Amino acid sequence: MTDGIRADGGRVAGLAALLRHGASTWTQRADATALTGLGPGVADAATQAAATWRAELTVGGDAVRDLARSLDDGLATLRQTDDDAVRRAGQVRHTSFAAPTPSGVGVRTQGAQAAARRWGGDVLTAPEGAPDDVRAGAGEYETTADLLDERADTLTATAHEVTDADAEAGTAAAQGALALADLARLEAGGCRIIAAGLRAYATALDGAQKDHAATSGAAAGAEDALRLALGDAAGHARLAGFAPTGTVTALDAAAALAAGVGDPDKAVVSAAEWAAYLAVRDDLSDAELARFDAVLADARTPEERQAVIAALATGAGLPLALALARRLRQMTPAEVRAVASLGLADVGAGVSGVALGTPDGTDLIQFTGTTCGSASLLLLAAQRDPYLALFLATGETVDGHVPDYLADIPRIDRLAGAGLTTGERLRHVQEQVRVQTNRFTFWPGRWLGSAPWGYGDEVSRILGGQDVDMSYSLLRPKGGARDLVARAVASVDAGTPVPFLVGPSGTDVPRHYVLLVGHSDGELQFYEPGSGEVRSVSVQDAVAGTGPVGAFGNWHAIYGAAVPEG
């Protein structure tokens, strides 16, 4: 037995040494996040982005050191005795090693998408900035990305070696190491987005300074693209701004916010939900925490874990969260994916034409000609409430719990047992949400759908009372569409989709609601309820207003959006 302990302990010690050495990568690269040489039009966004990435890499290094220290403690215990040491080594691990919670959380970076003054028209002087400095900054971010990917590959390989030792201590350590590897890959992806944006910006800046009168329009476009790239990269900074709590450390957060994350914009748990989860979790007793973490440990997939986390974040209580976990455990992993976020988390970055549907194959479309707004609201609300997602997908409630967003619908508690098909149930709920939206608007919803001035209130209600700027035009496409898109993209980076109001070009009225759910590399992804698909459109085409745009249900222009504030 002693020889076996020494063998397993040697592997774990090797992982601890690797972590201690690798932590320096995060720390050293945190000092390489400064952005210089940029023109004043992107100065504010660049300052915020640099601060975000310095914080992200600093906290990431802390998480790596946390795991190394935990392994050192475990090894000290492991060497004390034989059989007893083996049992204790399985327990000496971080709070959530047994339950890494792979959900993606959009980290809010306030001001990253703030509008700044731009070049435009026939400017008389060349724009400010130093293209060579901008390219040097891009190189630093590319170097950071390469080093983080290298660390991720090494951590993954070493974690698998430790797991092969088949010791409890090794398995627990490997879970933490794999979560940190996923964190490093996410960070690397964000750094590469910034680098690509910087290089494109430097090229445009170079050209604008040499022939600014002819190229000022291209420079302004590059400035817009760079601001969007900085915001898109912020979605990859999972830990920026994270502060440890009484029950969650930096390493716990890395496991929860980075492990298994694909496209950060499709994260089920938003920044606001993560904050609510931490608040509820810190109020649980030790016994309740043990029960909850045991359920997370039993979750088979990232979607299952994140649904349970989101359930606790709703404030409906631990018993209901545990009951939801038991119900999800009865489903297949494919069914869980269809329920969690109603399948939105499965749609990859930049992908277009993917239909959303329920486990029984029903398409998530608007079921009448006037419920596009309701369909978009319900998909948004389901991202915040897994009890609602379950009800919409299957017709089931958890121990009779009526999701908060549907609580005011008459006789909603009887709907689960009414014998309706999925399509009939969704149609009924969509129509009732339309009535709910128009309740105090004097708007003829039966013929005209959801009133814009009531729509913002519904979005605010879904977001727990958060202020929402429902900015819209009723007579023509809204001016400032590019700024509106930039603010909406910042919300998506933080994990909250944004409803848009669209319609024809020229003098007309809005006709349709769609929901912005993601963006990547200059492409926006919208849920289009007429087809039930997630469709992509370039930022340029979205703001041009000339259409038709498939992501807008073949309408042409943006008339408004309900953008969360703060």
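**From surface to sheet**

The protein exposes about 21,600 Å², of which carbon and sulfur atoms supply 50%. This is a predicted model, and of the 566 residues of the protein, 56% count as buried. Its secondary structure consists of 19 helices and 7 strands. Among contacts between residues at least 6 apart in sequence, 75% join residues that are at least 24 apart.

The 7 strands form an open sheet with antiparallel pairing, in the order 1-6-5-4-3-7-2. The edges are taken by strand 1 (354-355) and strand 2 (468-472), each of which pairs on one side only. Within the sheet, strand 3 (residues 498-503) and strand 7 (residues 557-564) run antiparallel and are joined by 4 bridges; Leu 501 stands opposite Gly 560 in strand 7.

Helix 17 (residues 452-462) packs on this sheet, where it touches strand 2, strand 3, strand 4 and strand 7, and its direction makes about 160 degrees with that of strand 2. Helix 13 (residues 372-384) lies across strand 3, strand 4 (512-520) and strand 5 (523-528), and it runs at about 35 degrees to strand 4.

Elsewhere in the chain, His 236 is found in the loop between helix 6 (212-234) and helix 7 (250-257). Is His 236 buried or exposed? Its relative accessibility is 13%, and because buried means under 20%, His 236 counts as buried. The side chain of His 236 also reaches the backbone oxygen of Leu 186, at 3.2 Å.

Definitions and conventions:
Residues numbered from 1 in each chain as written. Predicted model: local features only at pLDDT ≥ 70, side-chain atom pairs only at ≥ 80, totals over all residues. Heavy atoms only, no water. Helix = DSSP H or I, 4+ residues; strand = E, 2+ residues; numbered from the N terminus. Buried < 20%, exposed > 50% of the residue type's maximum accessible area, 1.4 Å probe, protein only. Polar contact = N/O pair within 3.5 Å; in protein donor to acceptor, adjacent residues only side chain to side chain. Pairing = 2+ DSSP bridges. Contact = heavy atoms within 4.5 Å. Axes fitted to C-alpha atoms, helices over the stretch in contact; angles between N-to-C directions. Areas by Shrake-Rupley, 256 points an atom, 1.4 Å probe, with all protein chains shown as cover.
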